[in-house]
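Have the viewer open and follow along.

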Amino acid sequence: MSRNKKIFLISIMLIGLVVPFISALTVIEMFFLLIPFALVFTATLIYLIVSLLNKQMDSLKALFAFSILPTFIVAQLLAGFSVDKIQRFRSNQIIKEIEQIKNETGVLPEKYDLIAGIKYSRLNDEHFKLEYSRGFMVTEKYYSDNGNWKSYGWND
(Lines give C-alpha, C1' and ligand atoms only; values in the text may rest on other atoms or scores of the structure.)
Protein backbone atom coordinates (compact mmCIF):
# COMPACT_ATOMS: atom_id res chain seq x y z
CA MET A 1 0.00 0.00 0.00
CA SER A 2 1.38 3.39 -0.93
CA ARG A 3 2.27 6.02 1.60
CA ASN A 4 -0.58 8.32 0.51
CA LYS A 5 -3.14 5.56 0.99
CA LYS A 6 -1.80 4.82 4.48
CA ILE A 7 -1.98 8.50 5.40
CA PHE A 8 -5.52 8.68 4.02
CA LEU A 9 -6.68 5.64 6.04
CA ILE A 10 -5.03 6.95 9.20
CA SER A 11 -6.77 10.30 8.64
CA ILE A 12 -10.12 8.52 8.20
CA MET A 13 -9.46 6.60 11.41
CA LEU A 14 -8.61 9.77 13.36
CA ILE A 15 -11.72 11.51 12.07
CA GLY A 16 -13.74 8.45 13.08
CA LEU A 17 -12.29 8.61 16.59
CA VAL A 18 -13.46 12.22 16.98
CA VAL A 19 -16.88 12.25 15.29
CA PRO A 20 -18.85 10.48 18.07
CA PHE A 21 -17.98 13.26 20.51
CA ILE A 22 -19.12 16.20 18.35
CA SER A 23 -22.90 16.34 18.61
CA ALA A 24 -23.50 18.21 15.36
CA LEU A 25 -21.47 15.68 13.36
CA THR A 26 -23.26 12.80 15.05
CA VAL A 27 -26.64 14.25 14.10
CA ILE A 28 -25.52 14.76 10.50
CA GLU A 29 -24.18 11.23 10.33
CA MET A 30 -27.22 9.57 11.88
CA PHE A 31 -29.92 11.49 10.04
CA PHE A 32 -28.35 12.37 6.71
CA LEU A 33 -25.53 9.92 6.01
CA LEU A 34 -26.85 6.49 6.97
CA ILE A 35 -28.44 5.80 3.58
CA PRO A 36 -25.47 7.18 1.60
CA PHE A 37 -23.12 5.09 3.78
CA ALA A 38 -25.19 1.97 3.04
CA LEU A 39 -25.12 2.73 -0.69
CA VAL A 40 -21.38 3.38 -0.71
CA PHE A 41 -20.75 0.21 1.29
CA THR A 42 -22.86 -1.85 -1.13
CA ALA A 43 -21.24 -0.31 -4.20
CA THR A 44 -17.69 -0.84 -2.94
CA LEU A 45 -18.52 -4.39 -1.87
CA ILE A 46 -19.84 -5.17 -5.35
CA TYR A 47 -16.74 -3.53 -6.86
CA LEU A 48 -14.52 -5.66 -4.61
CA ILE A 49 -16.32 -8.90 -5.50
CA VAL A 50 -16.23 -8.14 -9.23
CA SER A 51 -12.53 -7.24 -9.07
CA LEU A 52 -11.75 -10.49 -7.28
CA LEU A 53 -13.60 -12.49 -9.94
CA ASN A 54 -12.18 -10.54 -12.89
CA LYS A 55 -8.41 -10.99 -13.23
CA GLN A 56 -8.06 -7.84 -15.37
CA MET A 57 -9.24 -5.53 -12.59
CA ASP A 58 -7.02 -4.21 -9.79
CA SER A 59 -8.14 -6.04 -6.64
CA LEU A 60 -5.92 -3.95 -4.34
CA LYS A 61 -7.55 -0.74 -5.55
CA ALA A 62 -10.99 -2.27 -4.91
CA LEU A 63 -9.92 -3.49 -1.47
CA PHE A 64 -8.70 -0.01 -0.58
CA ALA A 65 -11.97 1.59 -1.74
CA PHE A 66 -13.94 -0.98 0.25
CA SER A 67 -11.87 -0.48 3.43
CA ILE A 68 -12.50 3.27 3.79
CA LEU A 69 -16.04 3.16 5.21
CA PRO A 70 -15.52 0.17 7.54
CA THR A 71 -12.39 1.86 8.89
CA PHE A 72 -14.42 4.98 9.67
CA ILE A 73 -17.24 3.04 11.34
CA VAL A 74 -14.97 0.73 13.34
CA ALA A 75 -12.96 3.74 14.59
CA GLN A 76 -16.17 5.34 15.87
CA LEU A 77 -17.27 2.18 17.65
CA LEU A 78 -13.80 1.69 19.12
CA ALA A 79 -13.75 5.29 20.37
CA GLY A 80 -17.14 5.00 22.03
CA PHE A 81 -16.33 1.65 23.64
CA SER A 82 -12.87 2.59 24.92
CA VAL A 83 -13.94 6.00 26.24
CA ASP A 84 -16.85 4.38 28.07
CA LYS A 85 -14.59 1.79 29.72
CA ILE A 86 -11.89 4.30 30.66
CA GLN A 87 -14.32 6.93 31.98
CA ARG A 88 -16.29 4.33 33.96
CA PHE A 89 -13.08 3.09 35.59
CA ARG A 90 -11.98 6.65 36.41
CA SER A 91 -15.46 7.56 37.67
CA ASN A 92 -15.59 4.58 40.02
CA GLN A 93 -12.27 5.69 41.51
CA ILE A 94 -13.64 9.23 41.94
CA ILE A 95 -16.80 7.88 43.60
CA LYS A 96 -14.64 6.06 46.14
CA GLU A 97 -12.62 9.23 46.81
CA ILE A 98 -15.74 11.38 47.25
CA GLU A 99 -17.34 8.85 49.59
CA GLN A 100 -14.10 8.71 51.58
CA ILE A 101 -14.10 12.52 51.88
CA LYS A 102 -17.73 12.37 53.04
CA ASN A 103 -16.90 9.70 55.64
CA GLU A 104 -13.90 11.66 56.94
CA THR A 105 -15.45 15.15 57.00
CA GLY A 106 -19.14 14.34 57.25
CA VAL A 107 -20.06 16.48 54.22
CA LEU A 108 -19.73 16.22 50.47
CA PRO A 109 -17.33 18.62 48.78
CA GLU A 110 -18.99 21.62 47.10
CA LYS A 111 -16.65 21.24 44.12
CA TYR A 112 -14.40 18.44 43.05
CA ASP A 113 -11.84 19.25 40.37
CA LEU A 114 -11.99 16.77 37.52
CA ILE A 115 -10.45 16.57 34.09
CA ALA A 116 -11.15 14.79 30.82
CA GLY A 117 -14.90 15.16 30.61
CA ILE A 118 -16.15 13.86 33.96
CA LYS A 119 -18.44 16.29 35.80
CA TYR A 120 -19.27 16.34 39.50
CA SER A 121 -22.42 17.92 40.90
CA ARG A 122 -23.45 18.08 44.52
CA LEU A 123 -27.20 17.53 44.64
CA ASN A 124 -27.70 18.16 48.36
CA ASP A 125 -25.87 17.53 51.62
CA GLU A 126 -26.14 13.77 51.21
CA HIS A 127 -26.02 13.01 47.50
CA PHE A 128 -23.99 13.81 44.39
CA LYS A 129 -23.98 13.07 40.68
CA LEU A 130 -21.14 12.16 38.29
CA GLU A 131 -21.55 12.23 34.54
CA TYR A 132 -19.55 11.79 31.37
CA SER A 133 -20.21 11.49 27.65
CA ARG A 134 -19.47 8.20 25.97
CA GLY A 135 -20.08 9.50 22.47
CA PHE A 136 -22.97 9.44 20.03
CA MET A 137 -24.82 11.90 22.29
CA VAL A 138 -25.10 9.36 25.12
CA THR A 139 -24.34 10.49 28.66
CA GLU A 140 -23.69 8.16 31.56
CA LYS A 141 -24.82 9.47 34.96
CA TYR A 142 -24.21 8.13 38.44
CA TYR A 143 -26.51 9.13 41.28
CA SER A 144 -25.16 8.43 44.75
CA ASP A 145 -28.63 8.15 46.31
CA ASN A 146 -29.29 4.84 44.56
CA GLY A 147 -25.70 3.94 43.60
CA ASN A 148 -26.57 3.12 39.99
CA TRP A 149 -25.39 4.28 36.60
CA LYS A 150 -27.98 5.29 34.02
CA SER A 151 -27.58 6.07 30.33
CA TYR A 152 -29.27 9.09 28.80
CA GLY A 153 -29.48 9.43 25.03
CA TRP A 154 -30.17 12.40 22.82
CA ASN A 155 -33.93 12.05 23.26
CA ASP A 156 -33.98 11.68 27.10
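This is a predicted model: local features need pLDDT of at least 70, side-chain atom pairs count only at pLDDT 80 or more; totals for chains, interfaces and linings use all residues.

The chain averages a pLDDT of 93, and 99% of the residues score at least 70. There's an open sheet of four strands, and helix α4 (residues 59-105) lies across β1, β2, β3 and β4.

**Confidence**

- Helix α3 (residues 34-53) comes out with the highest mean pLDDT among the elements, at 96.
- At the other end, helix α2 (residues 23-32) has the lowest mean, 91.

**The sheet**

- Strand order is β1-β2-β3-β4, and the pairing is antiparallel.
- β1 (119-122) and β4 (148-152) are the edge strands, so to speak the two that each pair on one side only.
- On average, neighbouring strands are turned by 25 degrees against each other, ignoring direction.
- For a look at one pairing, take β3 (residues 138-143) and β4, which are joined in the antiparallel sense over five bridges.
- Within β3, E140 stands opposite S151 in β4.
- As for the helix across the sheet, α4 runs at about 165 degrees to β2 (128-135).

**Helix α1**

- α1 covers residues 3-18, and its end C-alpha atoms are 23 Å apart; at 1.5 Å a residue, its 16 residues should span 22 Å, so the two agree.
- L9, I12 and G16 are buried in this helix.
- Looking down the axis of α1, the buried residues fall within an arc of 55 degrees, which means they line one face of the helix.
- That buried set packs against α4.
- Turn to the face of α1 pointing away from the buried side and you'll find R3, N4 and I10 exposed.

**Helix α3**

- With 20 residues, α3 reaches 29 Å from its first C-alpha to its last, close to the 28 Å expected at 1.5 Å a residue.
- Its buried residues are F37, T44, L48 and S51.
- These cover an arc of only 70 degrees around the axis, so they sit on the same side of α3.
- What covers the buried residues of α3 includes α2 and α4.
- I35, L39 and L53 are exposed on the other side of α3.

**Where α4 turns up**

Note on methods:
Residues are numbered from 1 along each chain as its sequence is written. Side-chain values use heavy atoms; hydrogens and water are left out. Two strands pair if DSSP finds at least two bridges between them. Axes are lines fitted to C-alpha atoms, for helices over the stretch in contact, and angles run from 0 to 180 degrees between N-to-C directions. Contact means heavy atoms within 4.5 Å. The expected span of a helix is 1.5 Å times one less than its number of residues. Buried means under 20% relative accessible area, exposed over 50%, partly exposed in between (1.4 Å probe, protein chains only). The arc is that of the directions from the helix axis to the C-beta atoms. pLDDT is the predictor's confidence in each residue, from 0 to 100.
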